[in-house]
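Trainee: I am new to this one. Please show it to me, and then I will ask about it piece by piece.

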Amino acid sequence: MAPMGPKKGSARNTQSNTGKTSSRGGISKRRGAGPLRVDRDGDLNMDVSTTSASRSDSKRLKNNSTPSGTVTRTSSRNPRPTAKAQQIIQRVINGDTSQISSRRVGRRADTEPLVALKVEGLKASKAASNQGGGVKELLTFIERKAKSTGQITRPIKIRKSQRSGDFVYITASKEDAQEILKVNGFTFAGASLHIIEAPEGFPNRDSTPLSSTALEIKEQLRSVLSTRYDVNTKLLNLSSLGEDPQLNQMGFFRGESSPEKMFRALMAVCDGLFKTPQAKRDAIVSISLAGNNVNDVLQVMSLTETFPDVVNLDLSRNQFGDLKALQKWRHRLRNLQTLLLNENPIEVANPNYKAEMVTWFPKLLNLSGTQVRTPEQIAAAEAAARPTPIPQSGPDFRDINRIGEGFITEFLALYDTDRHNLAAKYYDEHSTFSIAVNTHSPHAPDVPVPTWGAYIRFSRNHMKINHSSPRQQRLLTGLNQIQHVWRQLPPTQHPNLTTQLDKYLVDCHPIHGLADPAGRNPLGVDGMIITIHGEFDDQEPGTAKTAKRSFSRTFVLGPGAPDRNPIRVVSDLLSVKAFKHLPTQTTINDQQKQQMLSELSRLTGMTPEFSRLCLEGANWHFNQALASFHEKKAQIPPEAFTTV
Amino acid sequence: MANLPSLETQARVASDAAQNFVEHYYQSLNKRQPLAQYYASISPHLTSASVKPDISINGRVVESVSAYEELLNGQGANVHYDIASFDAHPVNPNYGLGCPENLLPAADENEGGGGLGRGKVAKSIKDGDRVSIAIQVSGTVRYGKPSDAPDNDTGTAEAGTTTAAEGAPIETGFNESWLLVPHWEALGRNAARGLRKWVVVSQNFRAF
C-alpha cells in the first residue's frame with residue numbers, strides 16, 4: 001500500500017505485543033497531546049469525551065487491536081486529525097460487529113473468552129501521580145505478581161485495560177484472570193489493590209450510532225468502491241489505491257494514518273454491502289490489488305476474510321519478495337483459479353515459486369499468466385480424492401433346495417394377513433424375535449419422517465436401550481410372547497415378493513452349528529441365514545394413520561423339532577427405519593435399460609445419448625437419474641435436448 | 001441339557017458380546033485397522049472344523065478377510081461407518097463346532113473334584129461362554145469428509161469457502177447382519193490374552 005513501511009514494523013503480530021512494555025509506550029507519549037486514550041495495543045481508544053463506547057463485548061475489544069500500533073506512536077506530532085480519522089475508520093470497522101466478529105472467529109485470540117476484571121487502588125497509590133497516571137506501572141505490577149505468585153512459567157497477559165473513575169478495568173484470558181485475582185490485596189505503591197471480577201464488562205462509553213462524520217467517511221468509501229467495481233466483469237478493481245484521488249483527499253496516505261486500516265475499512269464496507277456469502281460470491285469474482293506496494297499479505301489480510309471465495313486475484317506490480325510474504329494465504333482462497341504475481345520481486349528472488357504455489361491452491365489454473373493445471377486435472381484430482389462405495393451386486397441367494405425362497409415368500413404374505421398362524425407354523429418355544437427402531441436412517445428429503453409410536457415401546461435398539469433388564473424384557477422368546485407382540489404391531493402391507501422383486505434385496509447362505517432340536521447331534525445341525533431388505537406400508541391402530549417404512553430383517557432358520565414343521569425360525573431380528581428406495585442392482589438387462597432410456601428421454605426431452613449418460617451416472621437408478629437431471633438442468637448444454 | 005445357560009444368561013451374554021463387538025469392530029473399520037482378529041479364520045480350532053467366515057458384501061461373496069480389506073481399501077479414504085441401531089439374539093446356547101478336546105464336557109471327568117456336569121467346562125457352558133450370537137446392525141456410511149469447511153488453521157469465516165453441494169459427503173444407510181461363535185482359543189485355562197471371545201462366521205453387508 002502506498003506509504004508502506006518495512007515489513008517488520010508494519011506487519012506486527014497482534015498477539016505478540018501484549019505484555020511488553022514497549023507496546024504501552026504510546027500511552028505516555030500521547031499524554032501530552034491532550035486527553036487521548038490508548039488501549040494496550042497502542043491504538044487509540046475509540047472515544048474520550050462522550051460517555052459510552054460499548055466495550056462490553058470482548059470480541060469488539062479485540063477488533064480494536066489492529067496490526068498497526070507503531071504508526072500511532074508518532075501521532076503526538078499531529079494528533080487531532082489522525083485521531084479523528086482513526087476513530088472513524090475504527091467505527092466503520094466496528095460498525096457491524098456481528099459480521100466482523102464472525103469473520104474473525106478463526107483467530108485463536110478472538111475465540112478465547114476473555115474475562116473482565118476491575119482493579120481498585122490505583123487512585124490511592126503513589127503511582128497515581130506518575131506520568132501517565134500510573135496505569136502502565138499498575139499493569140506491569142499485576143502481570144509480574146500474578147506470574148510469580150502463581151509460580152507459573154507462562155507469561156500472564158493483560159489484554160486490554162481502561163481506566164474509568166476509581167477503577168482500572170482489565171481483560172485477560174480465563175486462565176490468566178484466575179492468576180490475576182490472586183493479586184487481590186497486594187500492596188501497590190503504598191495502596192492496597194482490590195481486584196474483583198467485573199462480569200458487566202468494561203463500562204459502556206459509546207452506544208451511540210456512527211457519528212455523522214463516520215457515516216460520511218463510510219459513504220465516501222462506498223463511493224470509492226462503486227467507481228472501482230465493474231458489474232459486467234464482476235471485478236473489484238482495487239489497484240493503485242495510493243493514487244486514488246478520493247482516498248488521498250480523505251487523508252489516508254498522509255503520514256500517520258495507516259493504509260492497512262484504510263484497507264480494512266474498505267473491506268468492512270464491502271462486507272456490509274452483501275447480505276449473504278452467496279451474494280458476495282455472485283457479485284465479485286475477480287479482485288485486483290495490482291500496484292499497491294504490498295510486501296506481505298498480512299497487510300491486506302482482510303481481503304481473504306471478506307472475499308474467501310474470490311476466483312481471480314491480481315497481485316501484480318507489488319513488492320512480494322518471497323513465499324513467506326504470501327504464506328498467510330496458503331490455506332485460504334480455496335477457490336482461487338487465477339493468481340497474478342507478475343512484476344513482483346519474487347519472480348527474480350525465487351524463480352521456482354510457481355511450483356510451490358500450485359500446491360497451495362488446489363483449484364489454481366493460471367499462475368502469473370501460465371497455465372498450471374487444466375480443469376480436467378482438477379476434476380480428476382477431486383474424483384480421485386472422493387471415496388467410491390463398494391458396488392452393488394444382485395442378490396446373493398445361496399439357497400438350499402429352495403427352502404429360503406419358499407420361507408420368505410410365505411412369510412411376507414402371511415405376515416400381512418395372518419401373523420398368528422404364521423408364528424404358529426415357524427416359531428416354537430425357543431424362537432426369538434425382537435424389533436429395533438432406527439430413527440436416524442438416511443432417507444430422501446421429500447419423504448416425511450414417520451412417527452414411531454407404535455414401534456418404539458418394543459424397540460430393542462441397543463444403542464438406546466442400554467440396561468440389561470429392558471434388553472431382557474424386549475427380547476421375545478417363544479411362540480406366545482412373539483404372537484402377543486405381533487398382535488400389537490401395526491397391520492402391514494408388504495409388496496408382493498414375486499411380482500415386485502425389485503422392491504426387495506434378499507441375501508441368504510447356509511450356516512452350521514445350530515442347536516439340534518432333536519437333541520441328537522452335539523455338533524449341531526445346519527441351517528441358513530437370510531437377510532431381507534424392503535419396504536411395507538402400515539397403519540397405526542389408534543389413529544389409522546398410514547406410513548411407508550423400510551425394513552431389514554434377519555432370520556436364522558434351522559430344521560424343526562421332530563413332529564413339527566420341518567423348518568423353524570431360530571432367530572428373527574427386525575429393524576425398521578424411514579422409507580428409502582433400495583439401490584437398483586447393476587445387473588439390469590438391456591431391455592430394461594432401453595425402457596429407462598426412452599422413458600427418461602420422454603420426460604426430460606434429452607437425446608438418447610444424454611439420457612444414457614445421465615442414467616449411467618446414476619448407476620441405472622431411474623429416479624436418481626431423473627432427480628439429478630432436475631438438479632443440474634441449468635448446466636446441461638442445449639445440444640443435449642432433442643429439437644422439436 | 002440341564003447344563004445350558006438360562007435364557008436370561010443367554011440374552012445377557014449375547015447383548016454384552018454384541019455391544020463389545022460392535023464398538024470395536026466399527027472402530028477398527030473406521031480407522032482401517034486390520035480386521036482379521038474378528039473373524040473365525042483367526043482360530044485354528046474353528047478352521048480345522050471347516051468353520052470359515054462367510055462374507056457377503058453388497059451381494060458379492062468375498063473369499064477372505066483380506067479380500068474384504070482390499071475391497072475396503074478400494075473405497076478410498078474418508079469412509080465412515082456410523083451405528084444408529086443394533087440388536088442381538090442368542091442362537092445356539094452351546095455351540096460345538098471346533099471345540100477342542102480339553103474343552104469338551106467329557107474333560108470334566110478327568111479333572112479332580114468336579115466330575116461330569118460339575119467341572120469347569122460345565123460352568124463355562126452354564127455361564128454362556130459358548131453361546132453363538134446373531135447381530136443386526138443398522139447405520140450410515142458416509143463417503144467423504146464430514147464437512148466441506150476450509151482447513152481449520154485458517155481464519156476464514158464459518159461461511160465456508162466451498163459451495164455446499166459439490167464435495168459434500170454422500171451418505172447411505174447400511175445394514176449388516178452377523179453370526180458370531182465362541183473363539184475356542186480365547187476360552188479355557190491357558191488362553192492367550194487379548195483374543196476376542198467371539199468371532200465372525202457369517203457377515204451380510206448391504207448399503208442402500
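Trainee: Is A:Asp396 buried or exposed?
Mentor: Apply the cut-offs: buried means under 20% relative accessible area, exposed over 50%, partly exposed in between (1.4 Å probe, protein chains only). A:Asp396 has a relative accessibility of 5%. Therefore A:Asp396 counts as buried.

Trainee: What is left out of the side-chain values?
Mentor: This is a predicted model, so local features need pLDDT of at least 70 and side-chain atom pairs count only at pLDDT 80 or more, while totals for chains, interfaces and linings use all residues. Residues are numbered from 1 along each chain as its sequence is written, chains are lettered from A and ligands numbered from 1 in the order in which they are written, and side-chain values use heavy atoms, without hydrogens and water.

Trainee: Which residues join A:Asp396 in one network of salt bridges?
Mentor: A salt bridge is a side-chain nitrogen of Lys or Arg within 4 Å of a carboxyl oxygen of Asp or Glu. A:Arg398 forms one with B:Asp54, at 2.8 Å between the closest N and O atoms. A:Arg398 also forms one with A:Asp396, at 2.9 Å. Through shared partners, A:Asp396 is in one network with A:Arg398 and B:Asp54.

Trainee: How does A:Arg398 count: buried, partly exposed or exposed?
Mentor: The relative accessible area of A:Arg398 is 26%. Because of that value, A:Arg398 counts as partly exposed.

Trainee: Which residue of chain B meets the side chain of A:Asp507 in a polar contact?
Mentor: A:Asp507 lies in strand E18 of chain A and is buried, with a relative accessible area of 0%. Contact means heavy atoms within 4.5 Å; leaving out residues up to four places away in sequence, A:Asp507 touches residues including A:Asp396, B:Gly59 and B:Asn204. A polar contact is a pair of N or O atoms within 3.5 Å; within protein, one must be able to donate a hydrogen and the other to accept it, and residues adjacent in sequence count only if both atoms are side-chain atoms. At 2.9 Å, the side chain of A:Asp507 has such a contact with B:Arg206.

Trainee: What area is buried between chain A and chain B?
Mentor: The contact takes 71 residues from chain A and 70 residues from chain B. Buried area is the accessible area (1.4 Å probe) that two parts lose on being put together, summed over both. Carbon and sulfur atoms give 54% of it. The total is about 5,700 Å².

Trainee: Which element gives the largest share of the side of chain A that touches chain B?
Mentor: The rule finds 35 residue pairs in polar contact across this interface. Helices (H or I, at least four residues) and strands (E, at least two) are DSSP runs, numbered from the N terminus. Among the elements of chain A that give two or more residues are helix H13, strand E20 and strand E21. The largest share, 8 residues, comes from E18(A).

Trainee: Where is A:Arg332, which meets A:Glu305 in a salt bridge?
Mentor: The two side chains meet at 3.9 Å, N to O. A:Glu305 is in helix H14 of chain A, 27 residues away from its partner. Both residues are buried. A:Arg332 lies in the loop between strand E11 and strand E12 of chain A.

Trainee: Which residue forms a salt bridge with A:Glu356?
Mentor: A:Glu356 counts as partly exposed because its relative accessibility is 30%. Its salt bridge spans 3.8 Å, N to O, and the partner is A:Arg330.

Trainee: What is the lowest mean pLDDT among the elements of chain A?
Mentor: pLDDT is the predictor's confidence in each residue, from 0 to 100. Chain A averages 79. Strand E15 of chain A has the highest mean, 96. Helix H6 of chain A has the lowest, 38.
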